[in-house]
Amino acid sequence: MVETQAPNWPVYREMVTGKIHRATVTGADIDYVGSISVDTDLLEAANILVGQKVDVVDVTNGARLSTYTIPAPAGSGTIQLNGAAAHLVNPTDLVIIIAYGHLPDEVARTAQPAIVHVDATNRIINRGTDLSR
């Protein structure tokens with residue numbers, strides 16, 4: 001077996017830091033400048049910042065895209081794709097919104113993401129840290 005040595009330079013790993021699981025898309029506005037509007041309560045629960053880059057995975061049709069978040073009113077349940085992304089996702093589609101962070105190796109090994117599960121109206125039903133759920 002070949003023994004490997006840890007590198008002598010900083011290693012940063014791109015890790016999931018927050019996820020909103022199986023949210024229902026409430027709107028798609030092609031004429032908006034871009035981004036995804038997300039209920040502020042959901043952003044806060046999932047530790048996702050306004051302006052943070054996220055991946056949006058459409059469970060309904062398989063589309064995957066990257067964009068950035070903008071706040072929607074707290075308690076509104078809003079999940080709306082804007083601009084070009086609105087061509088890829090339709091209202092009532094189920095999506096997973098995933099945020100990432102570049103963490104130092106030693107932090108990445110123990111960091112716990114904020115996972116938020118929502119119901120059909122995008123109300124929080126469960127919070128956790130388990131990526132497999």
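Me: Okay, β4 and β5 first. In which sense do they pair, parallel or antiparallel?

Reply: Antiparallel, over 5 bridges. Keep in mind that this is a predicted model.

Me: Which sense does β5 take with β3, parallel or antiparallel?

Reply: That pairing is parallel, over 4 bridges, and β5 covers residues 64-72. On that side, Ile36 stands opposite Thr69 in β5.

Me: Let's stay on β3. Is Ser35 buried or exposed?

Reply: Ser35, which lies in β3, has a relative accessible area of 2%. The cut-off for buried is under 20%, so Ser35 counts as buried.

Me: What does Ser35 touch?

Reply: Leaving out residues up to four places away in sequence, Ser35 touches Thr67, Tyr68, Ile70, Gln80, Leu81 and Asn82.

Me: New topic. How many residues are in the largest nonpolar core?

Reply: There are 22. Ile20, Ile36, Val38, Ile48, Ile79, Val95 and Ile97 have the most contacts inside that core. Elements giving two or more residues to the core include β1 (12-24), β3 (35-39), α1 (40-45) and β7 (94-104).

Me: Pick Ile20. Which residues is it in contact with?

Reply: Skipping its neighbours within four places in sequence, Ile20 is in contact with Val38, Leu42, Ala46, Ile48, Val95, Ile96, Ile97, Val116 and Val118.

Me: Zooming out, how many helices and strands are there?

Reply: The chain has 2 helices and 9 strands. Along the sequence they go β-β-β-α-β-β-β-β-α-β-β.

Me: How much of the chain is buried?

Reply: Buried residues are 44% of the 133 in the chain. The accessible surface is about 7700 Å², and carbon and sulfur atoms account for 53% of that surface.

Me: Last one, what about box size and charges?

Reply: The C-alpha atoms fill a box of roughly 55 × 30 × 25 Å along the principal axes. The chain has 9 positive and 14 negative charges, and their mean positions are 6 Å apart.

Notes: Residues numbered from 1 in each chain as written. Predicted model: local features only at pLDDT ≥ 70, side-chain atom pairs only at ≥ 80, totals over all residues. Heavy atoms only, no water. Core = buried A, V, L, I, M, F, W, Y, C linked by side-chain atoms within 4.5 Å. Buried < 20%, exposed > 50% of the residue type's maximum accessible area, 1.4 Å probe, protein only. Contact = heavy atoms within 4.5 Å. Areas by Shrake-Rupley, 256 points an atom, 1.4 Å probe, with all protein chains shown as cover. Lys, Arg positive; Asp, Glu negative; His and termini not counted. Charge placed at Lys NZ, Arg CZ, Asp CG, Glu CD. Pairing = 2+ DSSP bridges.
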